[in-house]
Amino acid sequence: MSLGLEVKTVSLDDLADLRALDQDSFPEPWSRSLWKLELSRPNRIYLGAFKGAELIGFIGGLLAHTDFHITTVATKKSHRCSGVGSFLLLRMLKEVDALCDGIETVTLEVRASNKPAQGLYRKFGFAPVGLRRGYYQADNEDAIVMTIENLQGRFLADRLSEIELELSLAVLEM
């Protein structure tokens, strides 16, 4: 993959690295037992971005009826704003699109203060649809609920093709 990244499904073998990145990224990281449970449950997708053997980002989510809910996204601080999040989100949404029978929406929550992440999600077609007041318990920050709706058409596949081309061109210009 571009940028020297390999994006692949993570497993229990990656648990220590996932937890370390989670703890470095969030004030309320997931516990070891929650990670183990999530990685072993059906209807979940968890992907990692690796530069060599180093985990530099991850994304995960779950299928709930007709919604795919992205539950976690993190990029190592030294690799933020370098395209890692775009590659992870692109790969995740391609996997969701491949599952698309019956999936109508993709949803996530993002901190109200996290403008770079909101911009990334908008680039992929997410739009704000709600607010969860005090969602983040560590500091009582609000979460913006963002979603991509109406996935039964070709919108998502077409948008992902456009973004993949943009990312390829950006890498060539580096």
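Modeller: Let's go: Lys 8 has its charged end over the ring of Phe 50, 4.6 Å from the ring centre. To count as sitting over a ring, NZ of Lys or CZ of Arg has to be within 6 Å of the ring centre and within 35 degrees of the ring normal. Arg 111 does this too, lying over the face of Tyr 136 at 4.2 Å from the ring centre.

Keep in mind that this is a predicted model, where local features need pLDDT of at least 70 and side-chain atom pairs count only at pLDDT 80 or more, while totals for chains, interfaces and linings use all residues. Numbering runs from 1 along each chain as its sequence is written, and side-chain values use heavy atoms, with hydrogens and water left out.

Now for rings against rings: searching the whole structure turns up six aromatic pairs (Phe, Tyr or the six-membered ring of Trp, centres within 6.5 Å; planes under 30 degrees apart are stacked, over 60 edge-to-face, the rest tilted). Take Trp 35 and Phe 58: their centres are 5.3 Å apart and their planes are at 90°, so this pair is edge-to-face. It bridges distant parts of the chain, with Trp 35 in helix H2 (residues 32-40) and Phe 58 in strand S3 (residues 54-64), 23 residues apart. Helices (H or I, at least four residues) and strands (E, at least two) are DSSP runs, numbered from the N terminus.

Trp 35 is buried at 0% relative accessible area, and Phe 58 is buried at 1%. Buried means under 20% (1.4 Å probe, protein chains only). Tyr 121 and Phe 126 make another edge-to-face pair, 5.8 Å centre to centre with 65° between the planes, and both are buried. Finally, ring pairs join Trp 30, Trp 35, Tyr 46 and Phe 58 into a cluster.

Methods. Buried < 20%, exposed > 50% of the residue type's maximum accessible area, 1.4 Å probe, protein only.
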